[in-house]
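Subject: Structure for your review

Dear colleague,

Please find the structure below, together with its sequence. A summary of the findings follows it.

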Amino acid sequence: MIKNNDTLWYGQYGGCFIADAFSLDCDKYYDEYKKIVRQDGFEKEFEQLKAEYSPVEFKLLETEDENLMVGIASENLYSIIGTILLAKHMKKEKVVCGTRYTDEAMLCAKLCKKYGLKLKMFMSKDISSISSLMVQMKTYGVETETCMCEELFNLPEMYAFQTWVAAPQEYVLINCRNNVGAFPHPNIVSDFASVYGEDLKLAMESMGMPSPERIVVPSVSGTFALGVFGAFDSKTIEFVTVECDEEDDLQEELDSYCGTFTKVMRNRYNDRVLAPELSNMFDNGEVLRKLGNISQIDTNHSDLLCSQTDFSVQSLAGLNYCEKNTDKKLTLCLVRNTRWGAVL
Amino acid sequence: MSNRIEETIKRAQDQGKVAFIGLVPIDPESMDNSMEIVDMMISSGVDILMVHIPNWFPWMEGTVLQKAAQMPRNAGVTRDNVFEFIKTIRIKYPEIPIINMTLYETVMTMGQERFLKLSKEADVDGFDIPNYPLFYTADKMEFYKECLERNQHLILAISYELVVSEEGSDEYILLRKMIDAAKGFVFVMNAPGGQSGSDVKLTDQQLTMAVGRVKDLMKEQGNDCYISIVCGISSSEDIKKVKVSGAHCFMIGSAYIKSLQDGQTLDEISDYLEGVSEMCNY
């Protein structure tokens with residue numbers, strides 16, 4: 001399961017920019033993680049949990065274009081499952097997480113309840129106003145924190161990381177994405193998320209799908225894309241990510257989201273942080289990066305917009321890209337449903 | 001080689017007082033307003049200025065400094081604006097020590113060479129960049145080396161967990177390295193996790209023990225660096241605690257920056273800072 005093997009840097013990205021006084025805690029955390037993941041039984045338990053709580057779901061949608069396969073896949077929530085299982089094996093009583101989407105919040109709450117873990121959850125302002133979700137969190141005994149994202153930066157992961165750094169012996173940090181936190185947190189997410197890619201590939205193979213020449217993945221932070229790309233052969237398949245932002249004035253900067261340098265798309269008010277590993281793959285030409293924004297999506301695709309699938313805006317942008325780039329014999333566009341919560 | 005930082009702390013010690021480090025917030029509306037804050041701080045008795053260069057992801061800061069970062073960002077203040085402001089402070093106050101406080105993110109985003117060049121042009125005396133991983137990366141980015149060459153001190157921060165580490169442990173080895181590399185002064189954190197404006201503070205006994213141990217190690221390793229207390233300093237009890245601990249200086253930021261954010265006038269803030277300054281005498 002451990003894929004990254006202590007990778008601290010991805011080219012110029014990554015690192016562990018955290019005070020020296022706290023870096024020892026990061027190293028110890030990673031050592032403990034490796035020890036636990038390699039124990040007999042951990043992987044089996046992980047398999048059982050993902051099958052029960054977040055199995056890979058994949059189906060092909062009908063298209064008129066014989067050179068295009070459009071597959072819809074479920075979200076990759078394996079890092080939530082993996083880190084909560086880690087907390088259980090570390091015998092910790094407290095976990096902390098930052099959530100942007102309702103499905104993330106629900107899965108964290110359910111699994112923590114299952115294992116008797118005390119969960120502190122920082123919630124983005126996008127989801128903290130959903131009263132039914134807040135009631136659910138209360139039912140599960142979650143300590144929710146909504147003021148920080150409401151009044152300051154709408155960055156729930158940042159506050160979760162801050163809580164972990166202040167008491168690493170006390171908490172386990174649940175990271176949903178590998179674009180946040182100093183080493184080893186991005187690596188741990190990457191490890192768990194990559195299992196998803198393998199499961200997805202198996203699901204495709206079991207359907208007898210031919211191997212594509214290009215895989216297009218609509219992307220936000222890149223965690224899903226990395227999980228998928230890792231399972232396929234980059235020598236024979238071209239990898240493309242399509243990003244689609246709500247705002248059109250985002251500029252790219254190099255910055256660090258809690259200790260790991262990477263590409264950040266930002267304006268004066270908002271930030272979208274990319275996974276450092278993916279940033280490096282862009283620079284190296286291993287993945288083609290296509291940027292867009294909502295205004296560029298051709299909404300004449302009423303057949304798609306009105307279909308049974310609730311395409312995310314990134315998925316619509318991905319489909320647009322595929323329709324305009326037909327130079328490959330067979331392209332797989334891996335779309336996902338919209339997630340209720342943040343747009344970015 | 002010493003600079004204005006050591007000279008100022010030594011002067012304070014000679015006068016029988018602890019030195020007072022004050023954090024300068026960036027006013028989102030104008031740098032003229034920011035300069036008025038600086039004028040008020042100096043006239044109220046602040047000895048060393050630490051200028052808050054806002055971070056766009058202020059993950060090591062408490063809520064007050066997060067707000068102090070967010071407001072200039074939303075107002076469109078750029079880092080170049082902040083550096084121009086620091087230059088203006090230097091011209092107006094050539095004798096006062098200035099320390100740039102930020103996260104290493106800002107250095108990387110600007111480019112280290114450019115950050116250091118602008119800091120040199122503004123003649124700053126040091127940097128408080130708490131997440132520069134000096135020892136973890138063995139100064140991979142050579143920020144510490146560059147500081148040494150420019151005689152600008154990189155201020156190191158020692159957590160309580162490091163101070164109480166057992167001899168021979170990894171933490172103890174790191175502590176010894178930090179004591180060895182310290183320049184100007186070291187921060188001893190008064191709160192776990194090193195968050196500004198923290199409500200969780202060390203007890204009087206813990207802080208006194210921490211300062212004592214750092215002093216002993218400094219002496220043992222032949223470093224005459226000073227000790228400052230940081231995080232969660234705001235009340236008269238906190239300053240008494242600092243003096244009893246034997247530290248040479250302390251830093252306050254969040255306490256009065258919050259008052260500014262809440263709409264208190266500069267005169268009201270000045271009264272608070274003057275009160276703090278008076279308490280600096282032994």
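**Findings**

Glu278(B) belongs to helix α13 of chain B, which covers residues 266–278. Please bear in mind throughout that this is a predicted model.

With a relative accessibility of 58%, Glu278(B) counts as exposed, because the cut-off for that class is over 50%. Glu278(B) is also one member of a surface patch of negative charge, in which it gathers with Asp267(B), Glu268(B), Asp271(B) and Glu274(B).

**Salt bridges**

Side chains of opposite charge can pair when their charged atoms come close. How many salt bridges does a search of the whole structure find? Over all chains, the search finds 42.

In chain A, a salt bridge joins the side chains of Glu243(A) and Arg272(A), with an N to O distance of 2.7 Å. This pair links distant parts of the chain, as its members are 29 residues apart. Glu243(A) is in strand β10 (residues 238–245), and Arg272(A) is in strand β13 (residues 271–273). Are these two residues buried or exposed? Both Glu243(A) and Arg272(A) are buried.

In chain B, Asp125(B) and Arg90(B) form a salt bridge whose closest N and O atoms lie 3.0 Å apart. Asp125(B) and Arg90(B) are both buried.

Another salt bridge of chain B brings together the side chains of Asp238(B) and Lys201(B), at 3.1 Å from N to O. The two residues are 37 residues apart and link distant parts of the chain. Asp238(B) is in helix α11 (residues 236–245), and Lys201(B) is in the loop between β7 (185–189) and α10 (204–220). The relative accessible area of Asp238(B) is 6%, so this residue is buried. Lys201(B), by contrast, has a relative accessible area of 32% and is therefore partly exposed.

Salt bridges also form a network in chain A, which links Glu75(A), Arg100(A), Asp103(A), Glu104(A), Glu157(A), Arg177(A), Arg336(A) and Arg339(A).

Helix α4 of chain A (residues 102–115) has 14 residues. From its first C-alpha to its last, α4(A) reaches 20 Å, close to the 20 Å expected at 1.5 Å a residue. Glu104(A), one of the residues in the network above, is buried in this helix. Other buried residues of α4(A) include Thr102(A), Met106(A), Leu107(A) and Cys112(A). After α4(A) comes Gly116(A), which has a positive phi near 70 degrees.

Helix α9 of chain A (residues 185–206) has 22 residues and reaches 33 Å between its first and last C-alpha, close to the expected 32 Å. How many residues of α9(A) are buried? The helix is mostly covered, with 16 of its 22 residues buried. α9(A) is followed by Gly208(A), whose phi is positive and near 70 degrees.

**Backbone details**

The peptide bond that joins Phe183(A) and Pro184(A) is cis, with omega at about 10 degrees. Pro184(A) is found in the loop between β8 (171–174) and α9 of chain A.

Which values of phi should be noted in residues other than glycine? Lys91(A) has a positive phi, near 60 degrees. Lys91(A) is in the loop between α3 (78–89) and β5 (94–99) of chain A, and its relative accessible area of 73% means that it is exposed. In chain B, Asp123(B) has a positive phi near 55 degrees. Asp123(B) is in the loop between α6 and β4, and it is partly exposed because its relative accessible area is 29%.

**A contact across the sequence**

Asp39(B) is in helix α2 of chain B (residues 31–43). Its relative accessible area is 22%, so Asp39(B) is partly exposed. Asp39(B) and Ile89(B) are 50 residues apart in sequence, and their C-alpha atoms are 9.2 Å apart in space.

Yours sincerely

Conventions: Residues numbered from 1 in each chain as written. Chains lettered and ligands numbered in written order. Predicted model: local features only at pLDDT ≥ 70, side-chain atom pairs only at ≥ 80, totals over all residues. Heavy atoms only, no water. Patch = residues over 30% accessible without salt bridge, like charges linked within 9 Å, V, L, I, M, F, W, Y side chains within 5 Å. Areas by Shrake-Rupley, 256 points an atom, 1.4 Å probe, with all protein chains shown as cover. Salt bridge = Lys/Arg side-chain N within 4 Å of Asp/Glu carboxyl O. Lys, Arg positive; Asp, Glu negative; His and termini not counted. Charge placed at Lys NZ, Arg CZ, Asp CG, Glu CD. Helix = DSSP H or I, 4+ residues; strand = E, 2+ residues; numbered from the N terminus. Buried < 20%, exposed > 50% of the residue type's maximum accessible area, 1.4 Å probe, protein only. Expected span 1.5 Å × (residues − 1).
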